[in-house]
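Biologist: I am new to reading protein models. Could you walk me through this one, a feature at a time?

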Amino acid sequence: MKVYYIAYIILILTLLSCNGVDKSKDNEQFYTTQDSLTDEDRLKMLNDSLGKYPNDIKLWLAKGELCKKNLDFKCALDAGARSFKLDSTNLQARELYAWTLINKPNAPLSDIETAQRHYEYILSISPKNPQVLVDLANTYSLTGDFKTAFKYINDALRIDERYRDAYVLKGSIYRVMEKYDLALSSYQTALQMDPNFFMGQLETGWLLTQMEKHDLALEYYQNAVELQPNNINAIYGVAKSYQDLANYDEALFHYRKLAKVSPKFYITFFNQAFIKQYHQNQLDSAAYYYDKAIRIFPEYKEAWYQLGEVYLAQKRTTDAARAFSESLHIDPHFEPALDGAKRLKNFKYE
């Protein structure tokens, strides 16, 4: 059975959920929820406490929810598995473990089916939980059973018609079905429920980019940057939107900003080089930025190829031959580099 990768993530709004975590003073020796603490501080405190109390399920659940909130899937999976192993009757542990199974990168069908069984069990005990209904719907959407997925989404909305994540999942399914107008409507409804929903702003921007509505996409990426100023996906969305709108100076400004936030994000340098090469006729600068991208990611065949084109335009045939060769060493069937090497053989100085 084919697995469909739905771009759907439920963000956790608090460190501790209300279902089963004891927030009494008994736990104050383990963690605190003071607003002055960052999530990094909280995670360190939880890890320190777990070093002393490795079998305390409340600590593992708190860690799992924190990792889930920050989309640290490996951390959440470890915490979910440990908490479920400690007490398989704990519904929060079961729910956390199921969530981590379907949010693993390239989750196999067996994990999706396992998560599905966990959610069905939770619903048998707590049938009016809209979050579990949406999560269960997601397991069906991941296997392409959109009809059943919509059934559970609608069940959740009958319980809570303003349940934001139901609309998010609806939008993601419509996006996979290439019903982009319906997807956009669903995402926008989710944002009406919660304008500060960062992933909703980002998902809507991605969808509008896919629809080639770059001016509208830019607005959502800018909203996302306001919510999380240092998020690389949001900044990249702003920069790339400006590039798609042919506002190259603004695009370069935001790519430089992105390079400061994430110096190893090599696509930033590739896109700057591309603008310099094809839109500003600054070949030396283009070569410089392609080289920066390659130094970070030596297997970047597109950057090697484009560097070869820059050198060919500069009549630096030896350097061009080396760049095309490097691209073809990475992928012997890469058509642009094959074409570049062919043109290089027929190159004539004017």
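Biologist: Let's begin with the overall make-up. How many helices and how many strands does the chain have?

Modeller: Keep in mind that this is a predicted model. The chain has 18 helices and 0 strands. Buried residues account for 51% of its 350 residues.

Biologist: What share of the contacts joins residues at least 24 apart, among those between residues at least 6 apart in sequence?

Modeller: That share is 51% in this chain.

Biologist: Why is helix 2 described as largely enclosed by the rest of the structure?

Modeller: Because 11 of its 13 residues are buried. Among them are Ile-57, Leu-59, Trp-60 and Leu-61, and also Lys-63, Glu-65 and Lys-68.

Biologist: Which helices do the buried residues of helix 2 pack against?

Modeller: They pack against helix 1 (39-52), helix 3 (73-86), helix 4 (91-102) and helix 6 (130-142).

Biologist: How should I describe two helices that lie side by side?

Modeller: Two packed helices are described by the angle between their axes and the distance between the axes. Take helix 10 and helix 11: their angle is about 160°, and their axes are 8 Å apart. That makes helix 10 roughly antiparallel to helix 11, the cut-off being an angle over 145 degrees. Their crossing is left-handed.

Biologist: Which residues meet where helix 10 and helix 11 touch?

Modeller: From helix 10 they include Phe-198, Leu-202, Trp-206 and Thr-209, and from helix 11 they include His-214, Ala-217, Tyr-221 and Leu-227. Sorted by type, the residues of this contact divide into 10 nonpolar, 6 polar and no charged.

Biologist: At what angle does helix 11 pack with helix 12, and how far apart are their axes?

Modeller: Helix 11 (residues 214-227) and helix 12 (residues 232-244) pack at about 155°, with axes 8 Å apart. Helix 11 is therefore roughly antiparallel to helix 12. Helix 11 also passes helix 12 in a left-handed crossing. The contact includes Leu-218, Gln-222 and Val-225 of helix 11 and Ile-235, Val-238 and Asp-244 of helix 12. Its residues divide into 9 nonpolar, 4 polar and 1 charged.

Biologist: Helix 11 keeps coming up. Which of its residues are buried?

Modeller: An α-helix has 3.6 residues a turn, so residues three or four places apart point the same way. In helix 11, the buried residues are His-214, Ala-217, Leu-218, Tyr-220, Tyr-221, Ala-224 and Val-225. What covers them includes helix 9 (180-193), helix 10 (198-210), helix 12 and helix 13 (248-261). As for length, the 14 residues of helix 11 should span 20 Å at 1.5 Å a residue, and its end C-alpha atoms are 20 Å apart, which agrees.

Biologist: Can we look at single residues too? Is Gln-272 buried or exposed?

Modeller: Gln-272 lies in helix 14. With a relative accessible area of 2%, Gln-272 is buried, as the cut-off is under 20%. Leaving aside neighbours within four places in sequence, Gln-272 is in contact with Leu-252, Tyr-255, Arg-256 and Tyr-289.

Biologist: And is Arg-295 buried or exposed?

Modeller: Arg-295, found in helix 15, counts as exposed at 66% relative accessibility. Arg-295 and Lys-264 are 31 residues apart in sequence, and their C-alpha atoms are 9.6 Å apart in space.

Biologist: Where is Lys-315, and what is its phi?

Modeller: Lys-315 is in the loop between helix 16 (301-313) and helix 17 (317-330). Its phi is positive, about 65°, although Lys-315 is not a glycine. At 36% relative accessibility, Lys-315 counts as partly exposed.

How values were computed
Residues numbered from 1 in each chain as written. Predicted model: local features only at pLDDT ≥ 70, side-chain atom pairs only at ≥ 80, totals over all residues. Heavy atoms only, no water. Axes fitted to C-alpha atoms, helices over the stretch in contact; angles between N-to-C directions. Helix = DSSP H or I, 4+ residues; strand = E, 2+ residues; numbered from the N terminus. Parallel < 35°, antiparallel > 145°, perpendicular 65-115°, else oblique. Left-handed = near helix turned anticlockwise from the far one by under 90°. Contact = heavy atoms within 4.5 Å. Nonpolar A, V, L, I, M, F, W, Y, C, P; charged D, E, K, R; others polar. Buried < 20%, exposed > 50% of the residue type's maximum accessible area, 1.4 Å probe, protein only. Expected span 1.5 Å × (residues − 1).
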